[in-house]
Amino acid sequence: ELSLASISTGIYGYPLKDAAPVAIETVAKALSHAEKLRTVIFAMFGKEEFDVFNKAFHEWENNRKKDL
């Protein structure tokens, strides 16, 4: 397992709505090539962050289904 935080979206001000899709896509690509790593946990600071990542995940999932 690997846990990740939404780096630089807090005090450094990187937009959470921009960071979430990039993080999800990057992790998905890495997991598709990983031999042993199967679980990645996105550690959320609060509900707003969870909601943004949840929306980005569902958008990624819907786009992925279209590509199949």
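# A tour of the predicted model

Start by selecting D51 and K47: both sit in helix α2 (residues 47-67), four residues apart, and so about one helical turn separates them. The coordinates come from a predicted model.

**Stop 1**

Keep D51 and K47 selected and show their side chains. The two form a salt bridge, with 2.8 Å between the closest N and O atoms. Colour the pair by accessibility next. K47 is exposed, with a relative accessible area of 61%, whereas D51 is partly exposed, at 34%. Side chains of opposite charge can pair when their charged atoms come close.

**Stop 2**

How many salt bridges does the structure hold? There are two. For the other, select K29 and E25, whose closest N and O atoms are 3.9 Å apart. That distance counts because the cut-off for a salt bridge is within 4 Å. K29 and E25 both belong to helix α1 (residues 16-33); they are four residues apart, so about one helical turn lies between them. E25 has a relative accessibility of 31% and counts as partly exposed.

**Stop 3: the whole chain**

Clear the selection and switch to a cartoon view. The secondary structure comprises two helices and two strands, and the order from the N terminus is β-α-β-α. The strands are β1, at 2-5, and β2, at 40-43. With the C-alpha trace displayed, the spans along the principal axes are about 35 × 25 × 20 Å.

Two totals go with this view. The protein has 68 residues, of which 18% count as buried. Among contacts with a separation of 6 or more, 65% are between residues 24 or more positions apart.

**Stop 4: the loop between β1 and α1**

Select S6 and S8. Both are in the loop between β1 and α1, as the assignment shows for S6 and for S8. S8, at 33%, counts as partly exposed.

Check the backbone of S8 while it is selected. S8 is not a glycine, yet its phi is positive, at about 75 degrees.

Apart from neighbours within four places in sequence, S6 is in contact with L16, A19, A43, E49 and F53. Keep F53 on screen for the next stop.

**Stop 5: two aromatic pairs**

Searching the whole structure gives two aromatic pairs. Select F42 and F53 for one of them: the ring centres are 5.3 Å apart and the planes meet at 45 degrees, so this pair is tilted. F42 is in strand β2 and F53 in helix α2, eleven residues apart, and the pair links distant parts of the chain. F53 is buried, with a relative accessible area of 6%, while F42, at 25%, counts as partly exposed.

Then select F57 and W60, whose ring centres are 5.8 Å apart with planes at 35 degrees, so this pair is tilted as well. F57 and W60 lie three residues apart in helix α2, and so are separated by about one helical turn. F57 is partly exposed, with a relative accessible area of 33%; W60 counts as partly exposed at 21% relative accessibility.

**Stop 6: the largest pocket**

The largest pocket holds about 280 Å³ of space. Its lining has 13 residues, and those closest to the pocket centre are I24, V27, F42, F57 and W60. Three of these names are from the previous stop: F42 belongs to the pair with F53, and F57 and W60 pair with each other.

Which element supplies the largest share of the lining? Helix α2 does, with six residues. At least two lining residues come from each of α1, β2 and α2. Colour the lining by residue class to end the tour: eleven residues are nonpolar, one is polar and one is charged.

Notes
Residues numbered from 1 in each chain as written. Predicted model: local features only at pLDDT ≥ 70, side-chain atom pairs only at ≥ 80, totals over all residues. Heavy atoms only, no water. Buried < 20%, exposed > 50% of the residue type's maximum accessible area, 1.4 Å probe, protein only. 1 Å grid on protein atoms, 1.4 Å probe; cavity = no way out; pocket = protein on both sides within 12 Å on 5 of 7 lines; lining within 4 Å. Points joined across faces, edges and corners; volume = space filled by probe spheres on them. Nonpolar A, V, L, I, M, F, W, Y, C, P; charged D, E, K, R; others polar. Phe/Tyr/Trp six-rings, centres within 6.5 Å; stacked < 30°, edge-to-face > 60°. Contact = heavy atoms within 4.5 Å.
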